[in-house]
Amino acid sequence: MEVKIVDETIVLPSLPPFHEDHTLALSHIDNDRNMQVNFRYLRAYVNSSSSNPADPVHIISEALSKALVHYYPFAGTLQRRSQDSRCELFCSVGQGVPVIRAIANQSLDSLNYLDDPAAKFLEELVPDREYEDVLMHPLVLQVTVFACGGFSLGSSIHHSMCDGFGSGMFFNAMAELACGSSEISTKPVWERASQLGPRSPPRVEFPFHEFLLLDKEFSAYKCNENSSSSNLSTRECFHVENQALERFKGLLHEQSGGKKFTTFEALGALIWQARVKASKIPSEEKVKFAYSLNIRNQLKPALPSGYWGNSCVAMYVQLTVQELLQQPIWATAELISKSKRNATDEYVRSFIDFQELHYAQGITAGKGVSGFTDWRHLGHSTVDFGWGGPVTVLPLSRNLLGSVEPCFFLPYSSAVHGGKKKDGFKVLVALPDTAIVDFRIEMARFL
């Protein structure tokens with residue numbers, strides 16, 4: 001398939017959101033070193049003869065312009081403070097967001113509606129800028145129109161600006177405006193430093209040193225950038241049907257003597273064990289299960305409903321490879337379940353204070369991290385600009401929570417082509433090329 005860039009325009013807010021240049025502070029969670037990455041993902045939309053005949057580039061650009069009145073920080077510029085190298089956001093009159101127009105010479109149905117995460121051409125559908133340009137423009141969009149009239153919306157967002165929940169709020173606001181609403185249902189709240197800043201004096205009441213290291217020279221992401229072709233990873237989607245999932249959870253319930261596990265705990269434990277086994281990591285090495293946990297309601301007081309900054313903290317389970325592979329899957333699921341109980345207001349405040357005290361030293365989870373995140377309830381599959389919801393939502397980023405082989409739990413779209421909603425959900429994994437076959441075998445034993 002050939003993708004051709006037609007033009008690039010800067011979309012400005014439809015009304016001036018402010019009249020004087022100013023700087024906005026980010027939270028300590030926004031400034032977590034794991035957030036210093038560019039997050040990229042795409043949505044695909046079918047444009048049939050019965051749906052909206054308008055130009056998707058025009059509709060999306062106009063909706064973006066209106067949304068930037070409320071979300072004007074997306075048009076700002078990230079810059080590093082001289083005193084501590086943390087990021088802050090400089091907002092200047094006249095700034096906007098780049099929107100790229102592209103065309104593709106094939107139809108969406110001939111490309112399986114972009115539902116093959118291993119397809120190389122997907123990278124051409126989402127902006128991929130150099131790091132300095134990412135700081136200059138923390139949000140860049142690309143609308144690619146296919147031969148059938150359908151289109152994809154590729155998004156590149158610097159993770160310091162928001163997480164999956166926050167970006168979901170933004171795109172749903174755009175969708176409301178695109179469909180004719182004069183107002184957005186949830187007004188965004190910034191308040192980054194006041195809501196999630198350090199205490200005075202900072203104090204750490206949780207033993208983060210058990211699974212976090214201080215090493216400013218180490219970065220799993222840099223290791224990924226410098227990896228040789230022999231260590232390249234591949235993406236693959238696994239389709240999890242409800243019946244198979246319930247059978248597997250029932251098996252863990254029986255083996256554990258009656259314990260109940262959530263889908264994330266049960267399936268996360270299975271995937272973690274399968275990927276570590278398939279990757280043939282030495283038995284004495286420590287490996288970590290890292291996942292994002294929404295802390296909006298754990299805080300006292302809770303974050304405002306319109307808060308769109310990073311509102312998750314990383315939680316960890318750590319074992320040696322030998323321990324992980326020798327214990328039953330339900331025991332690993334139980335460890336994941338127990339780790340959730342740490343997500344209290346004190347845990348979050350201590351994590352922020354840990355960042356305050358040790359940021360300059362370089363906080364890292366080190367090697368052997370498997371990153372997991374659950375996108376099933378973030379609203380990404382219902383973003384409707386007038387053509388119905390997307391038929392595919394696909395993250396393309398390889399950097400998550402200090403892991404270069406992330407795992408995403410993804411919902412099926414509310415607009416699955418053919419009119420029938422698919423059963424279950426998808427799991428998107430990234431693994432070394434050499435491990436994917438053995439991983440499939442491990443997964444097939446249970447699902």
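**A tour from helix α1 to its sheet**

Select α1 first: its buried residues (under 20% relative accessible area, 1.4 Å probe, protein chains only) pack against β1 (3-11), β6 (97-104), β7 (139-145), β8 (151-158) and α3 (164-178), where contact means heavy atoms within 4.5 Å. Helices (H or I, at least four residues) and strands (E, at least two) are DSSP runs, numbered from the N terminus. The model is predicted: local features need pLDDT of at least 70, side-chain atom pairs count only at pLDDT 80 or more, and totals for chains, interfaces and linings use all residues. Residues are numbered from 1 along each chain as its sequence is written, and side-chain values use heavy atoms, with hydrogens and water left out.

Colour α1 by burial: nine of its twelve residues are buried, among them P56, I60 and L64. Next, select D55, which caps the N-terminal end of α1, with a side-chain oxygen 3.1 Å from the backbone nitrogen of V57.

Turn now to the sheet. Six strands form an open, mixed sheet in the order β1-β6-β7-β8-β3-β15; two strands pair if DSSP finds at least two bridges between them. β1 and β15 (392-395) stand at the edges with a single partner strand each, so one side of each has no neighbour in the sheet. Select β1 and β6 together: they pair in the antiparallel sense over eight bridges, and D7 stands opposite R101 in β6.

Finally, show both helices over the strands. α1 lies across β1, β6, β7 and β8, at about 160° to β7, while α3 lies across β3 (38-45), β7 and β8, at about 135° to β8. Axes are lines fitted to C-alpha atoms, for helices over the stretch in contact, and angles run from 0 to 180 degrees between N-to-C directions.

Methods:
Buried means under 20% relative accessible area, exposed over 50%, partly exposed in between (1.4 Å probe, protein chains only). A polar contact is a pair of N or O atoms within 3.5 Å; within protein, one must be able to donate a hydrogen and the other to accept it, and residues adjacent in sequence count only if both atoms are side-chain atoms.
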